Amino acid sequence: VKLTCVFPCVFAALCLGVGVMAGKYSREVNEAKPSGSDGQPVEFRIAKLNQVWEKAKRMQLSPVRQAELHSDLKIQEKDELQWKKMKVEGLDENGEKEAQLRRNFNVILAKYGMDGKRDTRPRESNSLKDHDIKEGDVFDDPRLDKLWNKAKNSGKFSTEELLNLKREFQHHKDKIHEYNILMDTVSRTEEIHKNVISDLEGDAKEHLLQQKHTELKDKMRGLNQGFERLRKISHEGFTDDSEFREPRVIELWEAAKRSNLSRDELDSLKEELRHFETKVEKHSHYQEQLELSHQKLQHVESLGDKEHIRRTQEKYDNLAEKTRDMGYKMKKHMQDLANKISRQGLQHNEL
């Protein structure tokens, strides 16, 4: 079964031609990229992912969001190719992984405004521009804004601690946005999903219909636990045993402490999370540099010096490639860590 046949509605919605990517820089030096029908190299091995990427390049996405989309598509590609092998081996008979991949793909389309629906949901603010945020309502959520303003004015936090706390609040805001996208996507793909599993018998059908809603409940539980953590820190301040600074790492560590991992496993995981946090921080640094490089490129283009533009464009392209590659590796590592904690095998983790 070809993967492109699994998503007929997506093709109709996107109405895109298969694009090509003649990028100058290769992410995998030892692995040549696949070629399209015109012989030119393409970015992904799955046609619909190339369609999305080509459309994204024509949209007015910021450099950081475009790099994030590329990383998300690479994760989707990895999961779909792995699912294809499962299918050949006769696994996933009830279509559970297939349904999950479909949801994940639709979430990507919605997250980047490519699902053909006018998006009235609040957009994630650019965390790189915290200095531009106005006082008052910062997080588009009354509970978060009230909690943040109370913490900010409490005098319990140093400047560095306040910056770390603000990152946690921003991460929680983004998680709310992702939850709203998933909830909307689940609702809009309900009938499609029912059609896909219409040939299954009673118990299997019921299991798959409930799986989407279980995923929503799990994410809502995670949101509630995350908010409770923010509430506790805002009232009590950071404790001496605060292990990590990065919100995604903190979230993984909190989940690990609630899991059935042994003490030795937790100690081993803690060490791995420290290495992962370094990777996250490095990725954030590259994102900042990518924004600055893009601003410099725009300035140079306005001057009209072709040779200067060429050199600056080359530096920007190289940095964008590195940022995308680093983002993919970071998200894949995060996926592996989440799987290790949940012991549930392959899942497409948060975008």
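Leu261 counts as buried because its relative accessibility is 12%, where buried means under 20% relative accessible area, exposed over 50% and partly exposed in between, for a 1.4 Å probe and protein chains only. The model is a predicted one, in which local features need pLDDT of at least 70 and side-chain atom pairs count only at pLDDT 80 or more, while totals for chains, interfaces and linings use all residues. Residues are numbered from 1 along each chain as its sequence is written, and side-chain values use heavy atoms, with hydrogens and water left out.

**The chain as a whole**

- The secondary structure consists of 11 helices and 0 strands, with helices (H or I, at least four residues) and strands (E, at least two) taken as DSSP runs and numbered from the N terminus.
- Of the 351 residues in the chain, 44% are buried.
- Among the contacts in the chain with a separation of 6 or more, 72% join residues 24 or more positions apart, a contact being heavy atoms within 4.5 Å.

- Leu261 lies in the loop between H9 and H10, and its C-alpha atom is separated by 9.4 Å from that of Lys340, although the two residues are 79 residues apart along the chain.
- Leu269 touches Leu261 and Lys340, as well as Ala256, Leu337 and Ile341, when residues up to four places away in sequence are not counted.
- The largest nonpolar core has 17 residues, of which Leu252, Ala256, Leu269, Leu273 and Phe276 touch the most other members; such a core is a set of buried Ala, Val, Leu, Ile, Met, Phe, Trp, Tyr and Cys residues joined through side-chain atoms within 4.5 Å.
- Helix H9 (247–258), H10 and H11 each supply at least two residues of this core.
- A second, separate core has 14 residues, including Val52, Leu69, Ile108 and Tyr112.

- Just after H10, Gly304 takes a positive phi of about 85°.
- The axes of helix H3 (residues 63–88) and helix H10 (residues 263–303) come within 9 Å and cross at roughly 135°, where axes are lines fitted to C-alpha atoms, for helices over the stretch in contact, and angles run from 0 to 180 degrees between N-to-C directions.
- H3 and H10 are therefore oblique to each other, since angles under 35 degrees count as roughly parallel, over 145 as roughly antiparallel, 65 to 115 as roughly perpendicular and the rest as oblique.
- On the H3 side the contact is made by Pro63, Val64, Ala67 and Glu68, and on the H10 side by His283, Gln287, Leu290, Glu291 and His294.

**His283 and Thr323**

- His283, which is found in helix H10, counts as buried at 2% relative accessibility.
- Not counting residues up to four places away in sequence, His283 touches Glu68, Thr323, Met326, Gly327 and Met330.
- Thr323 has its place in helix H11 (residues 306–342) and is buried, with a relative accessible area of 1%.
- Leaving aside neighbours within four places in sequence, Thr323 is in contact with Ala67, His283, Tyr286, Gln287 and Leu290.

**Helix H4**

- Helix H4 is mostly covered, with 14 of its 16 residues buried.
- Just after H4, Gly113 takes a positive phi of about 65°.
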